[in-house]
Amino acid sequence: SEFALTFMNFIKLVNGSSGESNKTPPVHLAMLDKVTGRKGYIANLCFRGLGKTSVFAEYLFLYLGTFNVLPGFGEVPAILYVADSMDNGAKSLRKNLEFRYNNSEFLQTWITKASFTDTFIEFVNKEGKQVGIKLFGAKSGLRGSKVYGKRPVLAVLDDLVSDEDGKSKASMEAIKDTVYKGVNHALDPTKR
C-alpha cells in the first residue's frame with residue numbers, strides 16, 4: 001500500500017546514512033498494509049527477530065509523533081503501550097525511542113519537542129500537535145487511563161508474557177485480565 005511504502009521511506013529518513021541493519025523485508029510491507037483503516041483489532045503473531053516491536057512500536061510512535069495521523073483512521077493524539085513489565089519491555093521501548101530521536105537529525109527537525117520518562121513519552125511536531133504515549137506493564141491496571149484528558153485511541157500490546165510469567169498461573173490470569181478487561185475499557189469508546 002501507499003502507507004507501507006511511505007512508512008518504510010520514513011524509517012530510512014529517521015536513520016539517515018546509518019540505516020537499519022537489514023533491508024526492508026516484504027513481510028513488513030504486508031504487515032503494514034493491515035494497519036491503516038478501521039478494520040478492528042490487528043494481531044501479529046510472527047517469529048522471533050522479525051522486528052515487530054521496531055516496526056509497530058518504535059517507528060510507528062515516531063511516525064505518529066511526526067505526522068499525528070494514520071491514513072484511513074485519522075488523528076492519533078493518545079496511545080497506550082503495554083509490555084511484559086515496566087522494567088523490561090516498557091523501559092526498553094522508552095530507551096530505544098529516546099536513542100532514535102536523539103540520533104536523528106530528521107526527527108529533531110520534524111518533532112520539535114520530545115520528552116521521555118519511564119511512564120510517559122510525549123512528542124510535539126512542527127505544527128504543534130501532541131502525541132502522548134502512556135507505558136504500562138501487562139500485570140498493571142490501566143483502566144481509566146487518560147492522556148491530555150481524553151481516552152487513547154490506539155493501544156499497542158507487545159510481548160506481554162515474560163518467561164517467568166509464562167510459568168505462573170496467577171501472572172497469566174493478570175495478563176489475561178489486562179488484555180480482555182482492561183484495554184478496551186481504557187480506549188476511546190467511539191474511535192479505537
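User: Which residue is the bridge partner of V82 in β6?

Analyst: The bridge partner of V82 in β6 is F136. This is a predicted model, in which local features need pLDDT of at least 70 and side-chain atom pairs count only at pLDDT 80 or more, while totals for chains, interfaces and linings use all residues. Residues are numbered from 1 along each chain as its sequence is written, and side-chain values use heavy atoms, with hydrogens and water left out.

User: What makes β3 and β6 a pair?

Analyst: Two strands pair if DSSP finds at least two bridges between them, strands being DSSP runs of E with at least two residues, numbered from the N terminus. Strand β3 (residues 78–83) and β6 have six bridges in the parallel sense, so they pair.

User: Why is the contact of R94 and E98 called a salt bridge?

Analyst: The term asks for a side-chain nitrogen of Lys or Arg within 4 Å of a carboxyl oxygen of Asp or Glu. The N to O distance for R94 and E98 is 2.8 Å, so the contact counts as a salt bridge. R94, E98 and D118 are linked in a network of salt bridges.

Methods:
Helices (H or I, at least four residues) and strands (E, at least two) are DSSP runs, numbered from the N terminus.
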